[in-house]
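Have the sequence and the model side by side.

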Amino acid sequence: MRLQYPPNIRILRVPCTGKVDILHILHAFEKGVDGVYLVGCIEGDCHFTSGNLRARKRVEQARVILETVGTGGERVQMYNLSSGEAPRFAQIAEEMTERIRKLGPNPITTAAIKIAV
Amino acid sequence: MIPKTPSKLERTLSAGHLAVTSECGPPRGSDPEVIRSKALKIKDHVDAINVTDNQTSVTRLCSLASCIHLKLMGMEPVLQMVTRDRNRIAIQSDILGAASFDIHNILCLSGDHQIFGDCPQGQNVYDMDSMQLVQTVRHMRDEGRFLGGADIERPPKMFVGAAENPFADPFSIRVPRLAKKIAAGAEFIQTQCVYNLDKFELWMKQARDRGLHEKVFILAGLTPLKSVGMARYMKTRVPGMDVPDELIKRLSGVPKERQSEEGIKICVESIQRLREVDGIRGFHIMAIEWEEKVPEIVEQAGLYPRPEVA
Amino acid sequence: MIVAEKKPISEIIETIREHSKVLLVGCKECVTVCEAGGMKEVGVLASALRLYFLNQGRNVRIDEANLERQCDHEFLEELRDVIGEYDAVVSLACGVGVQFMAEKYTSTPVYPGVNTCFMGVTERRGFWTERCQSCGRCILAKTGGICPISRCAKRLLNGPCGGSTNGKCEINKELDCAWQLIIDRLTALGKFDLYEELVPMKDWSTDRAGGPRKVVREDVQL
């Protein structure tokens, strides 16, 4: 459809969001990414039955951990849409980018700069 | 039946009279006047007075001390003892403590779980259960020995009772349970308060079928309802309680100011119906924080004056 | 198995705050099955702790290890060569493992990463319930295979109490009344007459009350 969405999104394709491990999310933040979001099928329509439900639980768990350690739980989010909803995909990208921009960069980057000074 | 102890309650029952007992809840403090004044209100209308033992796990002045106060006033206390808070050493010790003041009645209970009370974080003991407590008292009295085997100097002479709840689940074991308590040595039973008279009579019938009514003195428990609110609370919030809908309907059909009067009426009617039931040997009136109504109930039920026993 | 629960991350952060080289050690047995202290949980905890310290601008090394068990010497010995590199260990094994590790490596502080809860079963994924309290003298033959000591809130041996309602315990509507279960089982086994047998007082000397316990098998000792 060639819709525009922000260029700062790095897409990692998986056969099902159920394949995403919580460690993938946490390690991403350890490496300095500012936000992570998962886009999975509409609940009830998962091609693999409940992969997207597992993904949601892991995202919820990650939120709690990220909030506790000071990274910020809002930096991770689960979205559900069907593969035909391209405009929504673009909208999500905008939404998430806007949110992360407001939250600022991953605190580890600013903390690291602090030590360097 | 020849009484085995100097207990006035036992002698009343053995003589064939319908016994009347009631209860006093000790204060949440150390003022003995509270228990004394409650007892004074009812003393001429009952044969014995139960004192509850940290009921619903709410910490209060202990039953033993309260019973001693009553004994020193010349009354006949029933020491309620739960196994939740004491191990077998403390149990035997407290029994001897009671016996040293010639307290002749004991009601053996397991006790409500501490989660209900003011110390839900506390440990509980349950070294033994209520049946094993019945066995313990009988052993100390009849063998004159401690659980450990040594002789007791001046063994306790206590009339041993247990509680039974015909309304708890499952109903199928409520009579076998009564049989078990009798086998353990229970000599009198005070039941949980009765509102469902039909179910209670069914339980009594099953007990009679096994001849249990002749092996133990059964006293039906009764608690007068103060209001329809209280009836609803008992129905929905108190475990093991059976309050029939007809009773709720009856009370809500009466204006608020007259509900307590109706509650007393229901209580008196229950006594009048149950005294005709073969095997009922008396009534245990639990008027929680409403002790002043006990004399009225006893009189209206035709159970006053209390018989003199030798 | 022994069922444990992860300690809150905030609690663990508080415990290791002063250290700069920490080793997290998981266990592949019980805590793996109850998803509290296995390889996955070690990984997640390690990542979380690293993020925390990075956010603080502190350079703290958090490493991960996993042992077959932490209640046998042989497996704990596997850490002997590396433990000196760390100034603290967080063991995600049950309380048994934490202690055995601490006994073995006396100059390294060993902290617990889980709360050890009880011996129980996986009723279904994510739901574990207690079954045994190791009283030391099993009576399951008399109670149709249901334990009144671990499953009755009052550990009554001649239950049920008067608070049993609809097969549930008075302290919690979701908790089965152990004695209802026992009665149902004895009935199903055609052994209801066992119910009326009076069970005497328990000898608690083999329970916790008798002091720390041991089992000795001379026949297998050399």
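In which loop of chain C does C:Glu35 lie? C:Glu35 sits in the loop between α2 (30–33) and α3 (39–55) of chain C. Keep in mind that this model is predicted.

Why stop there? Start with a general rule. Most residues other than glycine have a negative phi, and most peptide bonds are trans. Now look at C:Glu35 again. This residue is not a glycine, yet its phi is positive, at about 55 degrees. How exposed is C:Glu35? Around C:Glu35 there are 16 other C-beta atoms within 10 Å. A residue is called buried at 20 or more and exposed at 12 or fewer, so C:Glu35 counts as partly exposed.

Move on along chain C to C:Asn166. You will find C:Asn166 in the loop between α6 (148–151) and β8 (168–169). Its phi is positive too, near 55 degrees, and C:Asn166 is a residue other than glycine. Is C:Asn166 buried or exposed? C:Asn166 has 10 C-beta neighbours inside 10 Å, so it counts as exposed.

Now turn to chain B and to the peptide bonds. Which kind of peptide bond joins B:Asp169 and B:Pro170? The bond is cis, with omega about -20 degrees. B:Pro170 belongs to the loop between β5 (159–164) and α6 (174–184) of chain B.

Where is B:Pro305 found? Look in the segment after α11 (294–300) of chain B.

Methods
Residues numbered from 1 in each chain as written. Chains lettered and ligands numbered in written order. Predicted model: local features only at pLDDT ≥ 70, side-chain atom pairs only at ≥ 80, totals over all residues. Helix = DSSP H or I, 4+ residues; strand = E, 2+ residues; numbered from the N terminus.
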